[in-house]
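Here's a quick briefing to read alongside the coordinates. Have the viewer open and click through the residues as they come up.

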Amino acid sequence: MQDSFSWNTLKRIVAASALAIVGLLGSQRAAAETAEPPLPAIQRASWIWGDMRSDLAEFRIEFEIDAAPTAARVLITADNGYELHVNGALVGYDIGPGSDVWGSIERWDVQEHLTPGRNALGIRGICLGGSRGVIAAVRIDRDGTEPLELLTDENWRVTTEGEPAEYSVPGYESAAQWSPSTVLGPMGMEPWGNLVYEGSRGGRRIGLPTRLALSQPGGDFVWPEAVAFVADDCSVYEPLNRDAWGICFRIEDWTRAYTMFDLPCPSKIGRRLCVLDPLGPDAAPRVLIDAGQGVIGSPSVSYDGQSLYVAMAPEGASFFHIYRVPVDGGTPQQLTSGPFHDIDPVELPDGRIVFTSTRIGTFEEYHGAPSRALFIMQPDGTGIRSITHTPIFDNEPAVLADGRIAFVRSDNFFGRAKVETKIHAIRPDGTAGQTLFGADVGAVYGVRLRMLGYGSPAPLPDG
């Protein structure tokens, strides 16, 4: 067993989940290509809510713009969570206990969602107990005119019921009672204090890839030469229920929802596997696989940079299986088969492949969904054996710098919450299991049954 490996052998290709963040790979000069317009003035916004007896507050505001925006951004935070919708589209969300959420202001770029004429913005505010409030600021820049600024105040309409995807559309009409928002106080009020935007740390983006200006790395870092990603997102996003939180990904009868999910599916799925090579703002994606009405997810890269691993359910298939795809094109090689769902493949430093599978043969006790455990196989798909055993779900393995495998483990009906996830780690031989990150709080009930969720580990080169 190989316990460690050098990050000097960094893959020449990095893989991103479907429509997840794609980095602008280059030096610091990328940040200086264009001058950033000023941020929205959230320091002048107010904390707002609706009925203080309700754990939900549904906000909307309509506005007019006379030309296509050159930039449009939103700064927002909430206690304990929010969904942000613009013209019917879910832009992003953040939710969780404590100051990890409300103490971090998120920035969302919404230019692509706006059009000249009438527009609408909707926010669902969510409280998990205790204090409640939402604060946001919008700035829309256009050529030749003053920027349009919107700050949360009494002009935002609020109710306790409704779906943001519907009420964030211009001209929305409803029988629900919409009232002026209740202004709780200015930025700086207790219990939140004076918050300053320091970079988005907690929000979950929904939508198209975002360009990032990355700082100069250490001397032994090698910039990737290409990016692989899944395109044509065919995930289905379900709105938050009133008694739970999370986003549901669904294709036909397969579902997955953080932190409680049923039948297995990669966290994001699309129709095509693409590569950007070479990188650049004008690069055109090269399609490696077009699955038609099939679906692809969980892309990852071999250490030699010559292959991609994906979970794919081809058109007409009933199960996901693991495929190896040549980076330069060619016929995908199917590595697993059988009446099992095999997802989330990742290559280990010694060439073997770790993946998630339902072939463990047990069923979760609550919904009766097939349990998922981690398995390892040889590079040609032979020698499959389990390295974890759980009555619930193990997902999303990722290789740590010391050679261990980090993954998401879900527990049902355990001590702290009805359903919770944690970041666990094991050696590639299945020994020395250890929880790296999880909740350490008292039991919670009511709407907080599913609040303790952690997922999608992304190991860093320094461990």
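What follows is a short tour by topic.

Keep in mind that this is a predicted model. Across the whole structure, a search turns up 17 salt bridges, while the count of disulfides is 0. There's also an open four-stranded sheet to look at, plus a couple of cis peptide bonds, one joining D79 and N80 and one running from E190 to P191.

**Salt bridges**

- E58 and R124 meet through their side chains, with an N to O distance of 2.9 Å. E58 sits in strand β3 (residues 56–65) and R124 in strand β8 (residues 117–126), so this pair ties together parts that are 66 residues apart in sequence. Both E58 and R124 are buried.
- E64 and R118 make another salt bridge, where the closest N and O atoms are 3.4 Å apart. Here too β3 and β8 are involved, E64 being in β3 and R118 in β8, so the link spans parts 54 residues apart in sequence. E64 is partly exposed, at 47% relative accessible area, and R118 is partly exposed as well, at 43%.
- K268 bridges to D233, with the closest N and O atoms 3.1 Å apart. K268 lies in the loop between β17 (254–257) and β18 (269–276) and D233 in strand β15 (residues 226–233), so the pair connects parts 35 residues apart in sequence. K268 is buried at 13% relative accessible area, whereas D233 is partly exposed at 24%.

**The open sheet**

- Its 4 strands run in the order β24-β25-β26-β27, with antiparallel pairing. β24 (342–347) and β27 (385–386) are the edge strands with a single partner each, so one side of each has no neighbour in the sheet.
- β24 pairs with β25 (residues 353–357) over 4 bridges, in the antiparallel sense.
- T358 is in the loop between β25 and β26 (373–377). T358 counts as buried, with 10% relative accessibility. Setting aside neighbours within four places in sequence, T358 is in contact with P264, F340, H341, P370, S371 and R372.

**Cysteines**

- With 0 disulfides in the structure, C265 is in none, and its nearest cysteine sulfur, that of C234, is 8.1 Å away.
- C265 is buried, at 1% relative accessible area. C274 is buried too, at 0%.

- The peptide bond between D79 and N80 is cis, with omega about 10°. N80 lies in the loop between β4 (71–79) and β5 (81–86).
- E190 to P191 is also a cis peptide bond, with omega near 10°. Look for P191 in the loop between β13 (182–186) and β14 (204–205).
- E396, a residue other than glycine, has a positive phi near 55°. E396 is placed in strand β28 (residues 393–399) and is buried, with a relative accessible area of 12%.
- A432 also has a positive phi, near 60°, without being a glycine. A432 lies in the loop between β30 (419–426) and β31 (434–437) and counts as partly exposed at 44% relative accessibility.

Note on methods. Residues are numbered from 1 along each chain as its sequence is written. This is a predicted model: local features need pLDDT of at least 70, side-chain atom pairs count only at pLDDT 80 or more; totals for chains, interfaces and linings use all residues. Side-chain values use heavy atoms; hydrogens and water are left out. Two strands pair if DSSP finds at least two bridges between them. Helices (H or I, at least four residues) and strands (E, at least two) are DSSP runs, numbered from the N terminus. A disulfide is a pair of cysteine sulfur atoms within 2.5 Å. Buried means under 20% relative accessible area, exposed over 50%, partly exposed in between (1.4 Å probe, protein chains only). Contact means heavy atoms within 4.5 Å. A salt bridge is a side-chain nitrogen of Lys or Arg within 4 Å of a carboxyl oxygen of Asp or Glu.
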